[in-house]
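User: I would like to go through this model and ask what stands behind each label. Please set the values against the cut-offs as we go.

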Amino acid sequence: MSTELPTRISVDNKTEKTSLTARVVNKGGAKSPDLRLLVVGFDALEVTAVEGCDPIPEGKLPDGSNSGFSCAVGKLAAGKSRNYTVSATYDLQGKGKICLPVTLGDTGTLLWQQGPVPFGTSKPTPNAPDTPLLLGTDNVPFGPDTSASASPSAPGTLPDTGAPGRTAVLLLGGGLLLAAGGAGLWLTRRGPAPRH
C-alpha cells in the first residue's frame, strides 16, 4: 500500500482555505484487505472535511494533531487507487503538516503512513490572491521578523514512499502509529527506499 499527496497546493490569502487530493494506491500484485485511510492535520494546517469520510472524535486524535478524518477504503484491486478530496485551512502565519496513515480495516493495525509532512514556502506572497505551498517545505510566515533562512527541500527529496528518516510515537484511539518525518513507512514489510 502507498499514499500520494500533491507536490503543490494553493492557499487563498483572504480565507486561508485550500483543497487537495489524497490518494491510496495498491502497488502490490494482489487484492488488498479492507483498508482505512486517516487524513490528519497538524499545527497551522487544519483538515475541515474529507469527502465521504467521518471526523475523528477529538479524544481519539493523534497526539499533537488538531483535526482528522477516517475513510473506509474497503478492498483495492492490484494496481488500483482511490482518491479523496480534502478541504482544509492553513494559517499562513504558522507551519502546517499533514499525515496519511493507512490501517487494516478497523483493527488499528498500521500498514503504511506518509508524514507528518509539511506544506510551506520560503517566499510568502501576502499581496497575491493566493500563496502556493510545496510539499516537504517548511513555511516561513510573512512578517517583519521573518527571513529567508528556511529553504525548500532539495529537488528529488519530496516525500512519497520509503523508509523513514526519523520516527516519533503518536497514539490514535489506543492504536500505535509511527510518524515518519517526511516519508512513508511500512510496518508489514520493509524494503529499500525507492529513488526518484
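Analyst: Two strands count as paired if DSSP finds at least two bridges between them. This is a predicted model. In it, Ala22 has Tyr84 in β8 as its bridge partner.

User: What makes β3 and β8 a pair?

Analyst: Nine bridges join β3 and β8 in the antiparallel sense. At least two are needed, so β3 and β8 qualify as a pair.

User: How many bridges link β1 to β3, and in which sense?

Analyst: β1 and β3 (residues 17–25) pair over three bridges, and the sense is antiparallel. Within this pairing Ser2 stands opposite Val25 of β3.

User: What about β5 and β8?

Analyst: Five bridges connect β5 with β8 (residues 81–90), again in the antiparallel sense. Val50 has Val86 of β8 as its bridge partner.

User: In which order do the strands of this open sheet run, and which are called edge strands?

Analyst: The four strands of the open sheet are ordered β1-β3-β8-β5, with antiparallel pairing. The edge strands are β1 (2–4) and β5, since each pairs on one side only. From one strand to the next the twist averages 35°.

User: What is the secondary structure of the protein as a whole?

Analyst: There are zero helices and 14 strands. Of the contacts with a separation of 6 or more, 63% are between residues 24 or more positions apart. Buried residues make up 45% of the 196 residues. The protein exposes about 9900 Å², of which carbon and sulfur atoms supply 51%.

User: How do you know that Cys53 and Cys71 form a disulfide?

Analyst: The S to S distance between Cys53 and Cys71 is 2.0 Å. The cut-off is within 2.5 Å, so the pair counts as a disulfide. The count for the protein comes to one disulfide.

User: Why is the link of Cys53 and Cys71 said to tie parts of the chain together?

Analyst: Cys53 lies in the loop between β5 (45–50) and β6 (54–55), whereas Cys71 is in strand β7 (residues 65–74), so the pair ties together parts that are 18 residues apart in sequence. The link of Cys53 and Cys71 is right-handed, with 110° about the S-S bond. Cys53 and Cys71 are both buried.

User: Why is Cys99 called buried?

Analyst: Its relative accessibility is 2%. Buried means under 20%, so Cys99 counts as buried.

User: Which residues does Phe119 contact beyond its sequence neighbours?

Analyst: Leaving aside neighbours within four places in sequence, the contacts of Phe119 include Pro6, Ile9, Leu20, Leu45, Tyr90, Ile98 and Leu133.

User: What makes Leu111 buried?

Analyst: Leu111 has a relative accessible area of 11%. That value is set against the cut-off of under 20%, so Leu111 is buried. Leu111 is found in strand β10 (residues 110–120). C-alpha to C-alpha, Leu111 and Pro101 are 7.7 Å apart in space, and they are ten residues apart in sequence.

User: How do you know that Thr103 is buried, and which residues does it contact?

Analyst: Thr103, in strand β9 (residues 96–104), has a relative accessible area of 4%, so Thr103 is buried. Leaving aside neighbours within four places in sequence, the contacts of Thr103 are Asp34, Leu35, Arg36, Gly108, Thr109, Leu110 and Leu111.

Conventions:
Residues are numbered from 1 along each chain as its sequence is written. This is a predicted model: local features need pLDDT of at least 70, side-chain atom pairs count only at pLDDT 80 or more; totals for chains, interfaces and linings use all residues. Side-chain values use heavy atoms; hydrogens and water are left out. Helices (H or I, at least four residues) and strands (E, at least two) are DSSP runs, numbered from the N terminus. Buried means under 20% relative accessible area, exposed over 50%, partly exposed in between (1.4 Å probe, protein chains only). Contact means heavy atoms within 4.5 Å. Accessible areas come from the Shrake-Rupley method with a 1.4 Å probe; for residues, only the protein chains shown count as cover. Axes are lines fitted to C-alpha atoms, for helices over the stretch in contact, and angles run from 0 to 180 degrees between N-to-C directions.
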